[in-house]
Amino acid sequence: MAQLIVDIADMKISDNPADTLITYSLGSCLGVAVYDPVLRLGGMVHCMLPLSKVDPEKAKIRPYMFVDTGMQQMLGKLYESGMRKARAVVNVAGGSQVLDSQGVFKIGERNFTVLRKILWKNGLLMNAQEVGGNKSRTVSLEVATGRFSIKSGGKTIYYDVS
Amino acid sequence: MTYREQIAQHIDRFPKMPPLCRSLLGYLEDPDVDFKTIRDLVQYDPGLTANVLKLANSVYFGPAQEISSLQAALVRLGTRRIFELVLSLTVSGRLVTALPGYGLEGRDLLRHSIWTAVAAQELAGILQMKNVDTVFTVGLLHDLGLLLLDPFIAGKRERFTHIFESRCLSFDQAEKEVLGMDHAEAGAKILELWQLGPEIVSGVRWHHEPAEAAEFQDLIYLIHLADMLSLSEGIGTGIYGLQFNVSAEPVRALGLKKEHLEYTASKTLDKMRELENILT
């Protein structure tokens, strides 16, 4: 089984049933996995920040750094590869934050707000989601089955395509 | 014997500052020593010289005003800053070890340290702060105490798990409760032994309690915020995850806005990757 590691501010797509997409150490960042069970096609993105307008130059080089440009690009690529909206299974994890009474470090919360807007605009629903708190999480997506896992604090929870 | 006493004993056995750094530091304090002595001492090691230049260009100059000789670097940055670059290069080799107690894999601590150093420097630029020349060095050294405390943490993992299940406590406070000392104090003790001067020592000592610092506030605020940003972005999060308190004081004093942090984070990632190659 090959592990395709999705780095910070990166995205990977695969339709090879031997692959597992995996992204490590999500803090405030969001890991979003989108899967088409008919095509057995999956994509995963690891976004750091909510909106590309904070650094448009960077967004040109690293679109996956931001939730808005990252999701747009990943969805675009999945649709190009034949994914159908009605079949898409969307799983989300991350969006944690440090203990901050001032609110400037609510990057995770803002990431999730932007993500929900994008999914809503695209008419996509969320399947599994584990967002918030102050844990770090690692997520993976098995391309053959669409099984999504969230690992944090030594425990792993699995979500299968229903 | 209390944990605090055991840790104090452990410090005595902690590696001394690398020999080249010790000689350099000695010369820096000697008013009779000129530029040339320091230049020759570094140049004796061509690999080190090349890396000092790479690091100097990456951290202080950028491609537009790249410098190509150690002599020029010394003129532009001064002997103290060159010493700090040598120190960064030699210490970074220690930061690649895995720390099983803290749940950090190899290179996690190095990446976290580089991220903090770069982000603190970027933030200083964005907020147009002056007189924080040591910010990169302090950022790189701020979690050195983890190396000292790791074996003690390893023996107390269950206790930490229990604390976090029952209470919402910042990890450094939990360290103090369990070991009588947090990693910030441990790191500062090492750097004190290395005689790195009050600015670097304070920067490390107060990076989780910036409101407690009596001096060097600007520097300490930057390190604190950059450290929190690093953890937020998931860079080097161990068993503690994001379980740290953001101090209200630096946020207020620097007029910090979310845009400052997000812009800093967007600038930091690529720079961290570039420096990771130079520092290992």
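How many helices and strands does the secondary structure of chain B come to? The count is 15 helices and zero strands. Helices (H or I, at least four residues) and strands (E, at least two) are DSSP runs, numbered from the N terminus. This is a predicted model: local features need pLDDT of at least 70, side-chain atom pairs count only at pLDDT 80 or more, and totals for chains, interfaces and linings use all residues. Residues are numbered from 1 along each chain as its sequence is written, while chains are lettered from A and ligands numbered from 1 in the order in which they are written.

**Chain B overall**
- The C-alpha trace of chain B spans about 60 × 45 × 35 Å along its principal axes.
- Chain B has a radius of gyration of 19 Å, which agrees with the value near 19 Å for a compact globule of 280 residues. The radius is taken over C-alpha atoms, and the globule rule is 2.2 Å times the number of residues to the power 0.38.
- Buried residues are 49% of the 280 in chain B. Buried means that 20 or more other C-beta atoms, placed from the backbone, lie within 10 Å of the residue's own.

**Helix α10 of chain B**
- Helix α10(B) covers residues 171-179, and its buried residues are F171(B), D172(B), A174(B), E175(B) and L179(B).
- Seen down the axis of α10(B), these fall within an arc of 155 degrees, so they line one face of the helix. The arc is that of the directions from the helix axis to the C-beta atoms.
- They pack against α1, α8, α9 and α11 of chain B.
- G180(B) follows α10(B) and has a positive phi, near 80 degrees.

**Strand β6 of chain A**
- Six of the six residues of β6(A) (residues 89-94) are buried.
- One side holds V89(A), N91(A) and A93(A); the other holds V90(A), V92(A) and G94(A).
- Strand β4(A) (residues 30-36) pairs with β6(A) in the antiparallel sense over six bridges. Pairing requires that DSSP finds at least two bridges between two strands.
- Y35(A) stands opposite V89(A).
- β6(A) and β7(A) (residues 126-131) run parallel, joined by four bridges.
- From β6(A) the chain crosses through helix α3(A) (residues 107-121) to β7(A), in a right-handed β-α-β crossover. Right-handed means that, with the strands pointing away from the viewer, the path from the first strand over the helix to the second runs clockwise.

**Hairpin in chain A**
- β9(A) (residues 148-152) and β10(A) (residues 155-159) pair in the antiparallel sense over five bridges.
- F148(A) has Y159(A) as its bridge partner.
- Two residues lie between the strands of this hairpin, and G153(A) in the turn has a positive phi of about 55 degrees.

How values were computed
Buried ≥ 20, exposed ≤ 12 C-beta atoms within 10 Å, placed from the backbone. Contact = placed C-beta atoms within 7 Å.
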